[in-house]
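Hi there,

Here is the structure I promised to pass on to you. Have a look at it first, and then read on for what turned up in it.

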Amino acid sequence: THSDFPDRLVSERTFERTQQRTDAVGAMLRSTASALIFGIAAIAILDNLGVSVVPVLASLGIAGIAIGFGAQKLIEDLISGVMLVVEDQLGVGDRVDVEHVEGVVERLTLRSTVILARNGVRWYVPNSEIRRVANESQHKGRASVQIGVAYDSDLRAARSTFHDAVVAMTEEEVWADAGAEDLREPVVAALGPDSVVLEFRLFVEPTERRGFERALRERLVQVAADAGIIIPNPGLDVFLHEAAS
């Protein structure tokens, strides 16, 4: 029956990325088509004006051969750029790592990919030099935050308290865009020398992951203080007692 099928077979994210690929490829093809059209139009205008186009075409042929040897890199960049978009390896707005450069894709052109790094530096990377792409924006990323509690703490109560705090945080309007999923109680990640290390693992939108992790660390410390959950301090406390006279 119709009710057995989802209302939308394609997610909004998939549709958006398909639209991005279509726009990027369309821009590349329009640029190529424009160059060809203007070239043909120029030859037609010269012919209508009575200018012999045979010498012009001969000159263009010779020049084309010379230019062709120097344009191999440009053609390679063009083909590589088209394949990057068609295969959905990256798109505008994606956070990517292309070996030596990591940042957000700002623009795709016929020749290069423009990436804005975290430090504000804008990189223009030739498409043909992009051999590997690590894309953080195609799927939700795992946020991971750890916190240690004292060995003599009520572990079950601590886990429950922290879990409730994380759920409450994800329901706040400021984190609505994070799209948090898989909200489970923290697991015991390690047994440290002075604490039991609890780890929270959940999935959020890749663009929100780093900010969410920072805010979650602050929230857990505050919750621990309010609930009286001891977070061990690796320093040593020394107590001096006066000898009884």
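Let's start inside the protein: W175 and F212 are both buried. Please keep in mind that this is a predicted model.

How many aromatic pairs does the structure hold? There are two of them. One is formed by F162 and F200, whose rings sit edge-to-face, with 6.1 Å from centre to centre and 80° between the planes. F162 belongs to helix α4 (residues 155–170), while F200 belongs to strand β8 (residues 196–204), so this pair ties together parts that are 38 residues apart in sequence. F162 and F200 are buried as well.

W175 and F212, the residues I began with, also form an aromatic pair. Their rings are again edge-to-face, at 5.4 Å centre to centre and with 85° between the planes. W175 is found in the loop between α4 and β7 (187–191), and F212 is in helix α5 (residues 209–227), so the pair ties together parts that are 37 residues apart in sequence.

Now for the strands. In which sense do β7 and β8 pair? They are antiparallel, and four bridges link them. If you want a spot to look at on screen, find L191, which stands opposite V196 in β8.

Enjoy exploring, and write back with any questions!

Best wishes

Notes:
Residues are numbered from 1 along each chain as its sequence is written. This is a predicted model: local features need pLDDT of at least 70, side-chain atom pairs count only at pLDDT 80 or more; totals for chains, interfaces and linings use all residues. Side-chain values use heavy atoms; hydrogens and water are left out. Rings of Phe, Tyr and Trp (its six-membered ring) pair if their centres lie within 6.5 Å; planes under 30 degrees apart count as stacked, over 60 as edge-to-face and the rest as tilted. Helices (H or I, at least four residues) and strands (E, at least two) are DSSP runs, numbered from the N terminus. Buried means under 20% relative accessible area, exposed over 50%, partly exposed in between (1.4 Å probe, protein chains only). Two strands pair if DSSP finds at least two bridges between them.
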